[in-house]
Amino acid sequence: MGEKKSILLPFTNTARKYGYITWREEFDNCVRKLLGKRRSICLIHKGTVLKDRNIDWKKRRIGITYTLTRSAALRASKIKLIRIKNNTFRIVFSQ
């Protein structure tokens, strides 16, 4: 009730290089609405399941492995995080 179903975040070169979903302070409220008070989430990207990905609220990031982020298209500049179940989210890289 009142929870968001998805969020579109910038996909930075640093996030690509080190394997993170990151956000700036200005996105804190939107990320909190989507993720709630969770400490970890399950992520799905093109059939690959990443279980128990820790959310680092202090550093504003979620580790998703650099193998995954570096495999995203070079022109990708956004990451969409979409809730598909209670604690399961889909990742979509886009321009």
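User: In this predicted model, which residue's side chain meets that of Asp28 in a salt bridge?

Analyst: Side chains of opposite charge can pair when their charged atoms come close. In the predicted model, the N to O distance for the pair that includes Asp28 is 2.9 Å, and the cut-off for a salt bridge is 4 Å. The partner of Asp28 is Arg60.

User: How many residues apart in sequence are the parts that Asp28 and Arg60 tie together?

Analyst: Asp28 and Arg60 form a salt bridge. Asp28 belongs to helix α2 (residues 28–35), whereas Arg60 sits in the loop between β4 (48–56) and β5 (61–63), so the pair links parts whose separation in sequence is 32 residues.

User: Is Arg60 buried or partly exposed?

Analyst: Buried requires under 20% relative accessible area. Asp28, the salt-bridge partner of Arg60, has 23% and is partly exposed. Arg60 has a relative accessibility of 22% and therefore counts as partly exposed.

User: What distance separates the closest N and O atoms of Asp56 and Arg61?

Analyst: Asp56 is partly exposed, at 25% relative accessible area, and Arg61 is partly exposed at 23%. The two residues form a salt bridge, for which the cut-off is 4 Å, and their closest N and O atoms lie at a distance of 3.7 Å.

Note on methods: Residues are numbered from 1 along each chain as its sequence is written. This is a predicted model: local features need pLDDT of at least 70, side-chain atom pairs count only at pLDDT 80 or more; totals for chains, interfaces and linings use all residues. Side-chain values use heavy atoms; hydrogens and water are left out. Helices (H or I, at least four residues) and strands (E, at least two) are DSSP runs, numbered from the N terminus. Buried means under 20% relative accessible area, exposed over 50%, partly exposed in between (1.4 Å probe, protein chains only).
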